[in-house]
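Here is a short tour of one protein model. Take a look at the sequence and the structure, then read on.

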Amino acid sequence: MFFYFIIYPSKAFLASSNGILLWFNQILPTLLPFSILSNVMLAVNGSSQHARRSFAGITGWEWFVIICGTFFGFPIGSKLTADIYKNGETSSDRARILCAFTNNMSPAFVSSFVCCNILKDSSLILPVFLVLYMPPILIGCILLSRQPMELAVQKKSASRFQIDMQIIDAGIVSSFVTLIKLCGYIVMFSITADLFVHIRFLPEPIRYLMVGITEVTNGTAQLAYIAYSKQVKLLLAVLFLAFGGLCGLAQTNSMLAATDLSIISYIRFKLLYTACSVLLCLCMLTLGIGIT
């Protein structure tokens, strides 16, 4: 990477700029409000009795993570899981399950950027949603509902009148520290992905695969320039999106760093969900569903 900066300074600068813009335009406005609000909610509500009530074997706090992680996208799932785990609202075994299946690419990114801009087919939105989100949510909820609940001892919740600026200030500072770390990971992996694009001695399919496995946004963007069939592009897009990239693994590891949750367990679950999504996509392509 150092020699890439020396030999191709303009390309490295552009890749770094693209990484920062990706963080500023997508990650910052999405994750910052939820990070601050979740910190405040956990500080004020504590282990509230209402949030601990379960539905279908899943507590209120866990449903909160599932809904936010699914609808607002990566890496909110891992961030909120780490938050409620540190606050004693879920056990380590349940947190490992919860983190993996709620940490997916946002539906807005998948529909607008991938389906409409890259694959240029809005009719793919629903099939891609089913392929990407059904396996992790279905398997994850089943595993979570069967996992015994071992929550921390009930703590006294803070009164809503005890909300002061210290709680909000702490939430803001903690959120920005987290987001600055994410920015660093995104920039470094964006440069790495751009480096792979310019390794000309590698076969073209290998280059594109390496870029997509390294960083999702760059990998899916490259699909617009390759002369493959729509079926192949769709399959590659599902692979990249379901896995989340090495950049995604690094960001998730950063989210879990303050806990004792293992990134190895997360990777195992993520590979399982990726395999299920790819196989489901292959079945869909075989049946001709969603492809015109």
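Is Arg94 buried or exposed? Arg94 is buried, with a relative accessible area of 0%. Buried means under 20%, exposed over 50% and partly exposed in between, using a 1.4 Å probe and protein chains only.

## About the model

This is a predicted model: local features need pLDDT of at least 70, side-chain atom pairs count only at pLDDT 80 or more, and totals for chains, interfaces and linings use all residues. Residues are numbered from 1 along each chain as its sequence is written, and side-chain values use heavy atoms, without hydrogens and water.

## Around Arg94

Arg94 sits in helix 6. Helices are DSSP runs (H or I, at least four residues), numbered from the N terminus. Setting aside neighbours within four places in sequence, Arg94 is in contact with Gly57, Ile58, Thr59, Glu62, Leu144, Gln147, Pro148 and Met149. Contact means heavy atoms within 4.5 Å.

## Helix 14

Helix 14 covers residues 263-287, 25 residues in all. From first C-alpha to last it reaches 36 Å, close to the 36 Å expected at 1.5 Å a residue. That expected span is 1.5 Å times one less than the number of residues.

Its buried residues include Tyr266, Phe269, Tyr273 and Leu285. The buried residues of helix 14 pack against helix 6 (92-102), helix 8 (125-146), helix 12 (230-243) and helix 13 (245-255). Just after helix 14, Gly288 takes a positive phi of about 75°.

## The first residue

Met1 lies in the segment before helix 1. Met1 is partly exposed, with a relative accessible area of 36%.

Key. Helix = DSSP H or I, 4+ residues; strand = E, 2+ residues; numbered from the N terminus.
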